[in-house]
Amino acid sequence: MDLETVRTFVAAADAGRFQEAAAELAVTQQAVSKRIAALERDLGVRLFTRTARGAEPTIDGQAFLPHARELLRVAERAVASVSPARRPLRVDVIASRSAASGLMRGFHRTHPEIDLDVLMLFDIESAVSAIRSGAIDASFRAVAAPGRPLPDDIAAVRVLDEPLQLLTGPAHALAGARSVPLARLAGHRIWMPGIVPGTEWAAYYDDLVAEFGLTIEATGPNFGSDALLDTIADTPALATFMGEQMRLVWPAGYGLRRIPVTDPTPVYPHSLLWHRDNPHPALATLRAHLTALTATVADHDDAAGTWAPGWVIPR
């Protein structure tokens with residue numbers, strides 16, 4: 001069923017005159033008559049009766065009118081569902097406790113008027129595919145992993161360098177340190193069961209191990225952060241890395257320590273990815289928000305004693 005003929009029928013029923021309906025729709029009266037006739041042929045009924053005062057819906061026209069209005073409302077909702085200006089901004093933050101999630105919470109506090117859909121996709125390939133298909137508008141990632149450059153239609157900007165900290169239990173040899181030089185971690189067992197080969201964070205830690213002679217173990221099943229905290233608290237021989245902005249809560253009795261790593265401080269480089277042709281107006285607002293945010297934070301560069309892999313995009 002042609003929606004233009006349905007829209008014309010509703011306009012004529014509301015106006016009571018084909019001439020007024022034509023003026024409202026910015027078409028000729030003849031075009032209105034032709035559309036109504038075409039709709040009547042499709043339905044097999046007469047929709048209007050001509051009167052001295054104009055045109056009145058027949059009994060069949062009156063029966064069809066509320067359904068015609070609903071058809072137009074459904075069509076409007078269908079268009080709105082894919083209209084960038086009228087749908088939520090969809091952003092992938094990888095994990096709910098990550099620094100990226102914190103950035104989006106800050107954006108939401110600053111711009112509560114913008115509707116958001118926050119998603120968590122596992123790997124960069126899934127994120128890039130979702131960006132290119134329009135399933136999401138943006139993703140926070142560490143890019144670009146060695147040998148896997150971004151497609152030309154994907155833009156990226158580095159928005160946050162997050163310092164790593166060492167997390168230990170109370171009986172660990174480094175538990176009492178206020179900070180620990182990165183080189184001093186050589187020989188200590190750093191346990192990170194969440195590292196998955198082929199991911200961008202696996203590439204990051206591979207480079208960290210190679211450059212500083214660290215021992216990172218990704219053995220055993222990953223039961224999540226709670227199980228990780230249990231093990232670190234109870235095992236003096238193990239420590240783990242976590243981002244400075246990672247939000248974790250543990251029982252007071254665990255006595256866990258978060259220790260800054262220095263000389264240099266390894267920073268995890270978070271970047272925002274988006275499609276170059278994405279028209280969502282809130283995407284530009286998000287990018288401006290992140291640009292202003294990073295401008296207020298002191299740059300983490302080589303002079304400040306930080307380290308990041310050579311393959312990440314520059315600031």
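A residue counts as buried at under 20% relative accessible area, as exposed at over 50%, and as partly exposed in between, with a 1.4 Å probe and protein chains only. By this rule, 43% of the 315 residues of the protein are buried.

The model is predicted, so local features need pLDDT of at least 70 and side-chain atom pairs count only at pLDDT 80 or more, while totals for chains, interfaces and linings use all residues. Residues are numbered from 1 along each chain as its sequence is written, and side-chain values use heavy atoms, with hydrogens and water left out.

**Overall form**

The protein has nine helices and 13 strands. Helices (H or I, at least four residues) and strands (E, at least two) are DSSP runs, numbered from the N terminus. The radius of gyration of the protein is 30 Å, whereas a compact globule of 315 residues would have one near 20 Å. That radius is taken over C-alpha atoms, and the globule rule is 2.2 Å times the number of residues to the power 0.38. Along the principal axes, the C-alpha atoms fill a box of roughly 100 × 40 × 35 Å. Contact means heavy atoms within 4.5 Å. Among contacts between residues at least 6 apart in sequence, 74% join residues at least 24 apart.

Axes are lines fitted to C-alpha atoms, for helices over the stretch in contact, and angles run from 0 to 180 degrees between N-to-C directions.

| Pair | Angle | Axis distance |
|---|---|---|
| α1 (residues 3-15) and α2 (residues 18-25) | about 125° | 8 Å |
| α2 and α3 (residues 29-43) | about 105° | 8 Å |
| α1 and α3 | roughly 110° | within 9 Å |

Angles under 35 degrees count as roughly parallel, over 145 as roughly antiparallel, 65 to 115 as roughly perpendicular and the rest as oblique. Helices α1 and α2 are therefore oblique to each other. In their contact, Arg7, Thr8, Ala11, Ala12 and Ala15 of α1 meet Phe18, Glu20, Ala21, Glu24 and Leu25 of α2. These residues divide into six nonpolar, one polar and three charged. Here Ala, Val, Leu, Ile, Met, Phe, Trp, Tyr, Cys and Pro count as nonpolar, Asp, Glu, Lys and Arg as charged, and the others, Gly among them, as polar.

Helices α2 and α3 are roughly perpendicular to each other. Their contact is made by Phe18, Gln19, Ala21, Ala22 and Leu25 of α2 and Gln29, Val32, Ser33, Arg35 and Ile36 of α3. Between α2 and α3 lies a loop that holds alanine 26. Alanine 26 has a phi near 60°, a positive value in a residue other than glycine, and is exposed at 70% relative accessibility.

**Phenylalanine 9**

Phenylalanine 9 is found in helix α1 and is buried, with a relative accessible area of 0%. Apart from neighbours within four places in sequence, phenylalanine 9 contacts Ile36, Leu39, Leu47, Phe48, Gly61, Phe64, Leu65 and Ala68.

**The loop between β11 and β12**

Proline 264 is in the loop between β11 (257-262) and β12 (265-275). The peptide bond from aspartate 263 to proline 264 is cis, with omega near -5°. Aspartate 263, placed in the loop between β11 and β12, has a phi near 55°, a positive value in a residue other than glycine. Aspartate 263 is exposed, with a relative accessible area of 60%.
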